[in-house]
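Please show me the model, and let us go through how its features are read.

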Amino acid sequence: MIYRRKNRIGKSPSAKKLWFAMASVGLASIALSATAQEPLPSITLTTTTESYDPIRYEAAFIVAERWRELGFDVNVAPTEFSTALERFYDQQDFDVTILGWSGRTDRLDPQFFLSTLDSREAYLGGNNPGGYANSDFDELFDAQSQEFDLDERQQIVMQMQELYKSDIPVVVLFHRDEVVAFNHEAFGGFNPMAGEGLYSEWGPMEAVAEGERKTLRIGGPQEPDNLNPLSSTSVWGWKWMRLYYDRLVRLSADVEPLPWAAESVDQVDDTTIAVTLREGMTFHDGEAVTAEDVAFTYNYYLDQQYGYFSSYLSVLDNAEPIDELTVHFHLKEPSASFASISLSQIPILPEHIWSEIEDASALSPSDTPTIGSGPFKYERFDRGEFMAISKFEDHFHADEIDIDGVEFIIYADMEGVYTGLQTGQIDVTAWRMEPGQISLAEGEEHLTVVNVPDFGYFHMTYNTQREPFDDRAVRRALTMATDRERMVNVLLDGRGEVGSSIIAPVNTFWHESFVERFDFDMEAARAELEEAGYSWDSDGRIVR
Amino acid sequence: MSSRRSYLIRRVIHGVMALFIIATLLFFLFRLGLPDPTAALITEGLNPEERERIRASFGLDRPIWVQYFIYLGNVLQGDFGYSFHYRAPVADIIWERLGNTMILMLPAIVLAYAVGAPLGAWLSWRRGSRADTSGIFVGLMFRSAPMFWTGMIAILVFSIGLGWLPTSGMRTLPYNASGFFDKIFTLDFLHHLILPALIVALYYLGSPLLIMRNTMLEVYGEDFIEMARAKGLPERRILYAHAARNALLPVVTQLAVTIGLAAGGQVVVEVVFSWPGLGREILNSVRTSDFPLAQASFLVMAAFVITLNLLVDVLYTLLDPRVSFK
């Protein structure tokens with residue numbers, strides 16, 4: 001557009017005539033297109049840079065190679081990560097983009113991943129940048145989010161996956177295993193958790209010392225942005241804070257909600273949930289944990305508008321203390337995930353400390369309280385170096401915990417973490433190892449390597465608001481021409497699983513495994529396109 | 001004396017102007033070049049209104065010119081603002097990290113120059129000999145070998161293989177020290193310092209060595225050396241007392257620039273040895289679009305370079321009376 005406007009300014013009459021002539025030719029060609037066939041617009045495939053993530057970078061080339069074979073004109077555009085995110089979500093300015101969703105524990109509930117295909121999330125900045133719009137899907141989405149009966153809800157979630165799969169607005173490329181390792185001569189007893197690896201909230205509670213040292217040492221290349229429960233916006237902040245802040249409910253390794261600080265969770269009516277607390281719980285400073293604290297915390301979170309938790313709390317109207325140990329949660333509308341997910345994510349804060357803090361997000365790190373009621377007590381955090389917590393002896397779960405505490409060593413990169421593991425400086429890796437380190441670790445006698453399947457996924461999203469991806473047949477054909485088997489075998493060295501649905505196979509209860517998978521098949525892709533009225537010109541380019 | 005004062009005042013004014021221009025460039029460079037600092041929050045599931053609220057809390061909802069003048073006003077008062085990522089005062093973060101970086105870089109650079117300059121002088125005296133050739137070779141080799149490589153080899157040999165030195169970090173865990181000086185005045189800290197400092201020193205060794213050697217060769221042709229020889233002074237005295245003093249100027253300049261740039265740390269060494277220095281922090285701040293932290297880090301670096309350059313020019317007059325203020 002800019003070009004034209006510039007050309008027009010100050011042009012001589014003859015140039016104007018030329019423009020007119022060109023415009024007429026353009027019009028004529030449009031008129032002709034009813035009979036003549038036109039090549040499809042070229043496709044820009046956006047992916048990460050090689051240095052950010054070599055796997056997604058290479059995956060784009062595997063895709064492009066086959067799509068070209070199908071007669072499409074494809075450009076691969078490796079893009080700096082934040083810029084790619086901005087164009088994808090905020091501007092929705094893309095043809096096809098390869099990005100990913102991480103597997104956070106709370107996303108094991110289907111709510112979040114399903115919402116990424118809801119047409120009401122298709123606004124700029126929303127979670128459905130591809131713009132998939134299917135009113136049946138949206139209706140089912142509402143139905144499942146209000147369905148309390150697990151089996152009923154499972155049926156609806158399955159139906160939704162069937163709908164999405166045949167329309168295929170988003171291709172789930174693969175789920176990458178998280179490969180982590182621990183020193184079995186120092187510690188054992190771990191139960192790896194999907195999407196979390198060994199550094200899960202259960203890891204430190206389950207670890208059993210095999211050697212002399214009873215302090216578990218974890219090493220990772222990432223650290224919390226800050227430890228303010230009303231301002232941290234990173235997974236790494238919460239992975240640490242959840243060890244010293246307790247929750248009403250904790251999700252088991254199989255994502256079953258277990259009453260934790262809650263003795264019981266009951267439904268009073270459609271929009272009221274009653275929680276009874278355990279007796280005798282105290283905060284780390286000795287004050288009792290009461291229903292007042294719990295109600296205060298939830299209302300405080302609503303009040304302080306903490307974005308990171310807003311999806312958990314959007315359905316909550318208010319929390320009300322009924323007696324010493326009972327809290328009622330009043331919801332704006334029925335919600336299936338509130339009792340399982342929301343209650344398992346919000347930490348319990350001591351009212352006597354936080355009630356005096358007006359704007360919690362403005363607290364500086366040195367003023368941020370660290371008193372919780374969790375199984376561990378906060379000890380210290382030296383940015384870039386080290387964090388520590390120690391066992392809280394008065395916790396109701398304390399007898400089940402073998403270790404004295406956890407020390408987290410912060411390294412600059414995975415190279416440092418691996419060296420630490422190899423030399424016995426740390427016992428567990430907090431983050432996935434690099435491919436080269438896996439085989440090295442397998443050769444070390446004191447190390448056990450663990451493959452943990454992930455339910456987060458790498459996806460390739462079509463912009464369904466743009467040609468030619470507005471045509472379902474094109475999306476289907478392009479998906480059939482995407483060799484995901486090869487990505488898993490070559491790029492992941494077999495450590496992962498080909499994607500088939502936005503709900504991962506490892507999430508067995510919610511995953512729909514019987515519908516079509518779009519196996520790699522170039523013939524089928526061509527047939528799909530032909531059937532939809534596409535053909536190929538003499539140069540092999542696809543035309544319509 | 002008055003010429004000296006007016007010279008100094010002029011230089012200080014130039015320095016401040018340079019800093020002002022750098023601050024302005026940094027401000028616009030980061031804002032125009034880096035993505036929105038809240039872009040990465042999308043993958044955490046934050047919706048646009050929540051991100052807008054966070055942007056507003058960072059002051060990013062105001063027009064860029066307003067932001068610019070607020071920023072300038074704050075910097076003039078020595079206030080670098082709050083880090084977007086850490087939600088902590090930028091100054092606290094930078095001073096701590098700068099301390100960690102300097103405690104590694106200064107000993108390393110001093111070592112490199114204390115060894116490199118005399119060694120270069122000695123090599124020039126033995127020019128053409130086998131010692132000269134191999135000295136130049138070693139100096140150049142460490143200067144051109146990437147530090148992540150020399151660092152990794154050193155870790156492999158001395159830490160993993162021989163087990164003499166720690167592989168990473170500044171101290172052994174668990175520790176109790178919290179103040180900066182508690183942290184560095186320990187044997188344990190020295191133990192951690194040896195390997196990274198040695199790697200940095202070896203890298204820097206080449207500069208003073210070669211500059212000294214080559215300047216010395218030039219000085220040898222001067223009349224006063226001839227004169228000293230004619231007086232029958234011992235060769236060693238001619239070398240160190242007469243020639244070396246005159247050849248020192250370019251080395252001092254180089255030293256100042258090196259120390260100035262060292263404020264930014266050696267990112268590679270800091271990563272290989274997991275040293276919590278400013279270099280890693282700068283890299284992170286750019287990665288997370290943490291404008292206040294990135295701006296302040298680069299500004300501190302620039303201030304270092306400018307100040308040290310000024311200092312060297314003053315030092316020149318002491319080292320060499322031929323240089324005067326004009």
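Q: Which numbering and which confidence limits apply here?
A: Residues are numbered from 1 along each chain as its sequence is written, while chains are lettered from A and ligands numbered from 1 in the order in which they are written. The model is predicted: local features need pLDDT of at least 70, side-chain atom pairs count only at pLDDT 80 or more, and totals for chains, interfaces and linings use all residues.

Q: How many helices and strands does chain B have?
A: Helices (H or I, at least four residues) and strands (E, at least two) are DSSP runs, numbered from the N terminus. By that rule chain B has 13 helices and 0 strands. Its C-alpha atoms fill a box of roughly 85 × 60 × 35 Å along the principal axes.

Q: Where does UniProt place the feature "transmembrane region" in chain B?
A: UniProt positions are given in the numbering used here, feature names are shortened, and annotations may be inferred rather than shown by experiment. The unreviewed UniProt entry places this feature at residues 12-30, 102-125, 146-165, 185-206, 247-273 and 293-319 of chain B. In the model, residues 12-30 of chain B are 100% helix and 0% strand, with the end C-alpha atoms 27 Å apart. Residues 146-165 of chain B are 75% helix and 0% strand, and there the end C-alpha atoms are 21 Å apart.

Q: What share of chain B is buried?
A: A residue is buried if 20 or more other C-beta atoms lie within 10 Å of its own, exposed if 12 or fewer, and partly exposed in between, with C-beta atoms placed from the backbone. Buried residues make up 38% of the 326 residues in chain B.

Q: Into which domains is chain B divided, and how many residues are in contact between them?
A: Domain bounds come from an automatic or database domain assignment. Chain B is divided into domain 1 (1-89) and domain 2 (91-319), and the C-alpha centres of these domains lie 30 Å apart. Two residues are in contact if their C-beta atoms, placed from the backbone, lie within 7 Å. On that basis 24 residues of domain 1 of chain B are in contact with 19 residues of domain 2 of chain B. For residue classes, Ala, Val, Leu, Ile, Met, Phe, Trp, Tyr, Cys and Pro count as nonpolar, Asp, Glu, Lys and Arg as charged, and the others, Gly among them, as polar. The side of domain 1 of chain B that touches domain 2 of chain B has 17 nonpolar, 4 polar and 3 charged residues. Contacts can also be sorted by sequence separation: of those in chain B between residues at least 6 apart in sequence, 73% join residues at least 24 apart.

Q: Which strands pair with β3(A)?
A: Strand β1 (residues 43-48) of chain A pairs with β3(A) in the parallel sense over 2 bridges, and A:Thr46 has A:Thr97 as its bridge partner. Strand β20 (residues 457-462) of chain A runs antiparallel to β3(A), joined by 6 bridges. There A:Thr97 is partnered by A:Thr461. In β3 (residues 96-101) of chain A, 5 of the 6 residues are buried.

Key
Two strands pair if DSSP finds at least two bridges between them.
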